[in-house]
Every structure is written in C-alpha cells, then in structure tokens.
Amino acid sequence: MATDTHAAGHAADAVSAPGMPQLDFSNWGNQIFWLLITLVVIYFVLSRIALPRIAAVLAERQGTITNDIAAAEELKAKAGEAEEAYNKALLDARAEAQRIVAETKAEIQAELDAATAKADAEIAAKASESEKAIAEIRAGAVESIREVAADTANEIVAALGGKADAKSVTAAVEARMKG
C-alpha cells in the first residue's frame, strides 16, 4: 500500500505542474545564467586546450607537407641529374664503343694488309723461283734442242750418204736456231 500512496503522490505532482520546466518563464533567469556559464566554460576549454592542439596538429601537417614537397622537388632534381648523367654515360659508352670498333677495324685492316703484303711477297718469291725454274728449263730445253738437232742433222746426213763434220753441223744448227 505504501507504494500506492507514493505512486499517487507523484501522479498528483505531475498533474499540478504547468508543463515542461524549460518553458516556464519563472525559471528562465536561472537557465540563461547556467547557459552563459556553460558557454563560457566550453569557450575557455576549447580556446585553451582543444584549439591549440588542433592548431598544432594542422601546423605539423602543414610542415610535413611542406617538407615532403621540398623533398620531392629535391628528389626530382636528383632524378633529373641522374638522367643527365645516365644520358652522358650512354653517349660516352657509345663513343667508346665506336672508338673501339674503329681501332679494331684499323688493327684488322693492318693485320690484313700485313698478311696481304706477306702473301704478295711469298707469291713474288715463288713467282721469281718459278721464273728461274722456267728459265733453267728453257735453257735446258734449248740445249736439248741443239743436241737433238745436231744429232738429227748428223743422222740425216749419214742417211743421205754424206759425211758431216761436227763443226759444220753445229754451225748450221746455231744459224737455224737464231732465226
């Protein structure tokens, strides 16, 4: 029963209240006072604690962004320098390769010229030896022809019934050989 009385007391209070206390004009002075106090406290908390922290974070971020941009510019410059160095090294390497090719061609040409000169000298020496051998063969052939001609002339004269002396046969063969 005590609970019934207690519940009935609250119901009577709720019925006698004029409505929401926030809309009761008699309480507005208190509400405005505490609203102002709360707003001032919130303002001081935000301005002294939260906003400086936010400003510090924003400044740190701006500094980081600025540093990153500067680092990126520096890296871009280094990349440009590296590219220039690479292109220069590439050109130098190509020039060196061309120089090596030219030197190698010159060496090969010199070796080829030397080998050609050596081969020409060997050919000339062999040709000279061959000409000497041919001259010796010719001389031997001419001598053999003289002997054969003299022997043939002696045989012909003997076959015809004459007698020829060796001097006259040799003179006739020599005269005929000269032209």
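Me: Why is Glu 74 called partly exposed?
Reply: This is a predicted model, and its relative accessible area there is computed. Glu 74 has a value of 45%. Buried means under 20% and exposed over 50%. Glu 74 falls in between, so it is partly exposed.

Me: What makes Glu 74 and Lys 78 a salt bridge?
Reply: Their side chains meet at 3.4 Å, N to O. The limit is within 4 Å, so the pair qualifies. Lys 78 is partly exposed, because its relative accessibility is 46%.

Me: Why are Glu 74 and Lys 78 separated by about one helical turn?
Reply: Because they are four residues apart in helix α2.

Me: What makes Lys 88 and Asp 92 a salt bridge?
Reply: The N to O distance is 3.0 Å.

Me: Is Lys 88 buried or exposed?
Reply: Exposed, because its relative accessibility of 53% is over 50%. Asp 92 has 41%, so it counts as partly exposed.

Me: Why do Arg 146 and Glu 143 count as a salt bridge?
Reply: Their side chains meet at 3.9 Å, N to O. The cut-off is 4 Å, so the pair counts. They lie three residues apart in helix α2, about one turn. Arg 146 is partly exposed, because its relative accessibility is 28%. Glu 143 is partly exposed too, at 39%.

Me: How many salt bridges are there by this rule?
Reply: The count comes to six. Glu 96, Arg 99 and Glu 103 are linked in a network of salt bridges.

Me: How do you know that the span of α2 is close to the expected one?
Reply: Set the two values side by side. α2 has 133 residues and reaches 183 Å from its first C-alpha to its last. At 1.5 Å a residue, 198 Å is expected. There is also a kink of about 40° in α2, centred on Leu 46. Just after α2, Gly 161 takes a positive phi of about 100°.

Me: Which elements does the chain have?
Reply: There are three helices and zero strands. From the N terminus on, they run α-α-α. Buried residues make up 2% of the 179 residues in the chain.

Me: Why is the pair of Phe 33 and Trp 34 called edge-to-face?
Reply: A pair of aromatic rings is described by the distance of the centres and the angle of the planes. A search of the whole structure finds two aromatic pairs. In the pair of Phe 33 and Trp 34, the centres are 5.2 Å apart and the planes 75° apart. Centres must lie within 6.5 Å, and planes over 60 degrees apart count as edge-to-face. Trp 34 is exposed, because its relative accessible area is 54%.

Me: What makes Tyr 43 and Phe 44 edge-to-face?
Reply: Their values are 5.6 Å centre to centre and 70° between the planes. The angle is over 60 degrees, so edge-to-face applies. Tyr 43 is exposed, because its relative accessibility is 54%. Phe 44 is partly exposed, because it has 41%.

Me: Where is Trp 28, and why is it called partly exposed?
Reply: Trp 28 lies in helix α2. Its relative accessibility is 36%, so it counts as partly exposed. Trp 28 also belongs to a nonpolar surface patch, with Phe 25 and Leu 58 among the members. Together the patch has about 1100 Å² of accessible area.

Technical notes
Residues numbered from 1 in each chain as written. Predicted model: local features only at pLDDT ≥ 70, side-chain atom pairs only at ≥ 80, totals over all residues. Heavy atoms only, no water. Patch = residues over 30% accessible without salt bridge, like charges linked within 9 Å, V, L, I, M, F, W, Y side chains within 5 Å. Areas by Shrake-Rupley, 256 points an atom, 1.4 Å probe, with all protein chains shown as cover. Helix = DSSP H or I, 4+ residues; strand = E, 2+ residues; numbered from the N terminus. Buried < 20%, exposed > 50% of the residue type's maximum accessible area, 1.4 Å probe, protein only. Phe/Tyr/Trp six-rings, centres within 6.5 Å; stacked < 30°, edge-to-face > 60°. Expected span 1.5 Å × (residues − 1). Bend = angle between axes of the 7 residues up to and from the residue.
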